[in-house]
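Have a look, then read on for the spaces inside.

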There are 2 protein chains.
Amino acid sequence: MQVGLLIIASEVLDGKVADTNTQTLSLFLRSHHLELSQTLTVRDHPAAIHQGLDFLFQACQLVITSGGLGPTPDDLTKAAIATFLQRKIIFSSAAMQVAQENYQRFDRVFPGKEHGYSFLPEHFMALPNSAGYAPGLYGADGNRLIFSAPGVPREFRAMLEDHLIKLLSPQLKGSKFLDAIVIRTSKIPEEKIFGELDTKLWQKLESFGEVSSLPVISGVDIVVKTSSDSEAGLELKRQGIDKILQASPLKSYIWHLGAESLEQVIVTRAISKNIRFGFAESATGGLCSHRITNVAGSSSVFMGSVISYAEAVKTSELGVDAASMATHGVVSQATAEAMARGLATHLKLDLAVSITGYAGPGGGSADKPVGTVCIGLWYQGQLSSQQLRFYGDREQLKNRFAQAALMALLEAMAENA
Amino acid sequence: MQVGLLIIASEVLDGKVADTNTQTLSLFLRSHHLELSQTLTVRDHPAAIHQGLDFLFQACQLVITSGGLGPTPDDLTKAAIATFLQRKIIFSSAAMQVAQENYQRFDRVFPGKEHGYSFLPEHFMALPNSAGYAPGLYGADGNRLIFSAPGVPREFRAMLEDHLIKLLSPQLKGSKFLDAIVIRTSKIPEEKIFGELDTKLWQKLESFGEVSSLPVISGVDIVVKTSSDSEAGLELKRQGIDKILQASPLKSYIWHLGAESLEQVIVTRAISKNIRFGFAESATGGLCSHRITNVAGSSSVFMGSVISYAEAVKTSELGVDAASMATHGVVSQATAEAMARGLATHLKLDLAVSITGYAGPGGGSADKPVGTVCIGLWYQGQLSSQQLRFYGDREQLKNRFAQAALMALLEAMAENA
């Protein structure tokens, strides 16, 4: 089944918010062995919505719309769908009931049946919304299906989880099992992998499905999309790919086989090795800790961090010697090591990672320009550090610094196997 | 000028990465008084790229493409453009030179002129890429324009900044000045604003341009898009909107007039009032500090934070009494206040904000379920706290907790004016 997403959201095209519903939908579809064909984002204008529906239905059997179901005059999705399908908008007691119950649940007074929430295109059904007020809707035109959910990420997700697969079950019988196998590498550029390192690799992987290669912040991810009629068939393909990788020189650049994030891999490894860790963060400003604590279960190994943004805090909370900082510089391997040691001692950690660098736009010096970062590592009494140089704006540099620090943390846990 | 963005990226449709280029482009265009009409994301398949170009050119004079310019076999953009315009792909010494110089800049060996980087559709020009290897391209077909940039966010952005406006200058003469005025509110739901609070507000604002209303994590943002033939004309419209807001009961719910983020507003206010602050973060795990340190210049007021994820760290680094935690609970107003006081004392702050809560999926209790958070505030010796309840998954709860903590910080600085 070809699935298209129509995002109705001027706010995305104005740069006010970044769309997250595409990712939510694609991960949801994949977990049900489906995939997203395309996503179109249009403004909250009737003609744009109409053209969008028309375009997506040329290739897709199911169009999911996001947004434009709310109560304000710029919410035009239902009217646009009705016009597109040449149907009337009618009062729906089911829709009114959904909205009314949602108002009760949130302890709010229902505005009455004249309210826009109570109206739907003819022959559409109202879908309960467990995370907000507006009912979703679902309907068909011949064998073309429309599923409309609110654009608020939490409501969009709830709507998918609560209804989509149930509604599609008649269409989904007998479909294939899909998987995307992710080979996560670091420290080798994209074209070297398929060039001098292993010229046959792409071709070999292609015998299992569609191959794509993607530079990401951690390095290069190679994705192989496979399908099979059964879960057992998928498993055989996974084993075949693993065998090829074991025999390839790429093997030593692979830090993970699977779609998990770096922080998930770190937490899993720390739990299995019972390593309690934390960060002394300066230039990353909390980002390392934030990423780790996004992982459920991280609290059993992540003890805490000190964000020592000001020099005085590096001294008072981490015990970094002020004179040594003046000599070596705040951004130096000596300071990074002192920060890591101080943190490990104060927080009684097995492993401490420190980050001190210049994220810009101000700061830096001729020999240590903006983009320079020193990463320190204290692991069961052993100190080490490295100095690296990255490029980008402030947020990009924070991301790159944090990525390098997390990668250093993962490697430290691997080396001391 | 109508501008469309074609994102060529299977990885986005597979949920592997979230697109950020739409936001980069829309903010870039807006800063040059242009706007983005629509964004279409397609897979790395020749037919899908072809259809995407065809669709976007029905409404747009300029199509910007992102992605598919790299060196691997799934990079198909140039071939698809050539097919779409019925042109040949030819060797371009200018393209080769761009790629060659990029290789030199990054100290890498150029793979030779047969490399895909050296080829372009006929009558297209190669664009230097200051942030990566692959040349961009620019060409026309009648009055339709195509601008192609790599999909890597840093390269996409550099390509826009380095080339786009210069290339478009002949087309941009005499265009209008645009602005989007953002009215940022909190603590009042969308439909109350335009319902019982101020029934005429939408209509009044509409006399200045297109109005839209957007629920965001901080509350509701109302956006008024205006245009004028001059900067002075725009300024008059801004003043008119401000006058309407001053007279509206919405006034007391507005926390900011402008597109700045909450963290930017906080840093600006803290600088103007010379308030040095920091966080004692538990459930938010570093997110508050991360958001604040995304703001350039934050280091003059943000001193640092303690992320006290483990109870032992709350005691050792913040001096929270273990017995009191056992009595009141780790998630309690008493613990939140003790954390804030401890942080302020240790870090010598004017203002300390603490966060302790249950972000889930585990944890919580019958009377304090997952989603409960306590926020403590220490401001020049005065302690206060609040307990709040939110809904969502782990990441959503972290976001909501952080948002509430930052809003409390902003309000504290306002009240003590």
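## The largest cavity

The lining of the largest cavity splits into three nonpolar, six polar and two charged residues (Ala, Val, Leu, Ile, Met, Phe, Trp, Tyr, Cys and Pro count as nonpolar, Asp, Glu, Lys and Arg as charged, and the others, Gly among them, as polar). This is a predicted model, where local features need pLDDT of at least 70, side-chain atom pairs count only at pLDDT 80 or more, and totals for chains, interfaces and linings use all residues. Residues are numbered from 1 along each chain as written, chains are lettered from A in the order written, and side-chain values use heavy atoms, without hydrogens and water.

About 80 Å³ of space sits in this cavity (a set of points on a 1 Å grid over the protein atoms alone where a 1.4 Å probe fits but cannot get out; lining residues have an atom within 4 Å of a point). That volume is the space filled by probe spheres set on the points, which are joined across faces, edges and corners. Among the lining residues are A:I7, A:D19, B:V12 and B:D19.

## The second largest cavity

Next up is a cavity of about 60 Å³. Its lining includes A:S212, A:K225, B:E11 and B:D44, and by class has two nonpolar, three polar and five charged residues.

## How the chains relate

Chain B goes onto chain A with an RMSD of 0.1 Å, by a turn of 180 degrees and a shift of 0.0 Å along the axis (superposed by least squares on C-alpha atoms of residues with pLDDT of at least 70 in both). That's the relation of a two-fold axis.

Methods
1 Å grid on protein atoms, 1.4 Å probe; cavity = no way out; pocket = protein on both sides within 12 Å on 5 of 7 lines; lining within 4 Å.
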